[in-house]
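Have the sequence and the structure open side by side.

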Amino acid sequence: MSFRPIILAEDHDKLRRVYADMLEGAGFKVMRAADGEKAIALLHKIENPQLIILDVMMPNMSGIEACIRMRKMQGPKPCPILFLTALDDPGDVLKCLRAGGDDFLMKSAPLAEILARVLHWARRGVSDEGSERHGKAIKALEQIAGLSPPPCEPAAVGETADGPD
């Protein structure tokens, strides 16, 4: 299978090299950026990448801000955006998904897992952002993170909020 280029935005040089080498070894062409602004500049050049991988915490422009801007730039079939970060709080995952990200991986994940996730999204070739599945994932994370109340259970027949009739 032939893939379009991947945009990889990671501010740590060593990690950027490790991830790019892994992806290039798997047959991908990787366009590298050290921050969100440079990733956006690459998106202007490439227009339709296979996948975008963003670190969250980067200088000049965070991955979350870059994702929001990239989603506005893409057409009706946007490419998947995968966040790869050291953050692990459910609230951080939620911010990434709300910004338009499709998936979230910890940098501490084994390289084989990172590559498997990249292959999954590269084969799909299109984002889930805005889909019913994406919306359900956001709602589930909101509940886990305590950012929204759990859904109300309907009262059983013959019961009121105060108890049985």
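H1 and H5 cross in a right-handed way (the near helix is turned clockwise from the far one by less than a right angle). Before going on: this is a predicted model, in which local features need pLDDT of at least 70 and side-chain atom pairs count only at pLDDT 80 or more, while totals for chains, interfaces and linings use all residues. Residues are numbered from 1 along each chain as its sequence is written, and side-chain values use heavy atoms, with hydrogens and water left out.

Back to the crossing. H1 and H5 (residues 111-124) pack at about 60°, their axes 11 Å apart; axes are lines fitted to C-alpha atoms over the stretch in contact, with angles from 0 to 180 degrees between N-to-C directions. Val18, Tyr19, Met22 and Leu23 of H1 meet Leu111, Ile114, Leu115 and Val118 of H5, where contact means heavy atoms within 4.5 Å.

Stay on H1 (residues 13-25), which also holds Glu24; helices (H or I, at least four residues) and strands (E, at least two) are DSSP runs numbered from the N terminus. Beyond its neighbours within four places in sequence, Glu24 touches Val30 and Arg32.

Now hop to H3 (residues 63-73), where Gly63, Ile64, Ala66, Cys67, Met70 and Arg71 are buried. The buried residues of H3 pack against H2 (36-46), E3 (51-54), E4 (81-85) and H4 (90-98).

Conventions:
Buried < 20%, exposed > 50% of the residue type's maximum accessible area, 1.4 Å probe, protein only.
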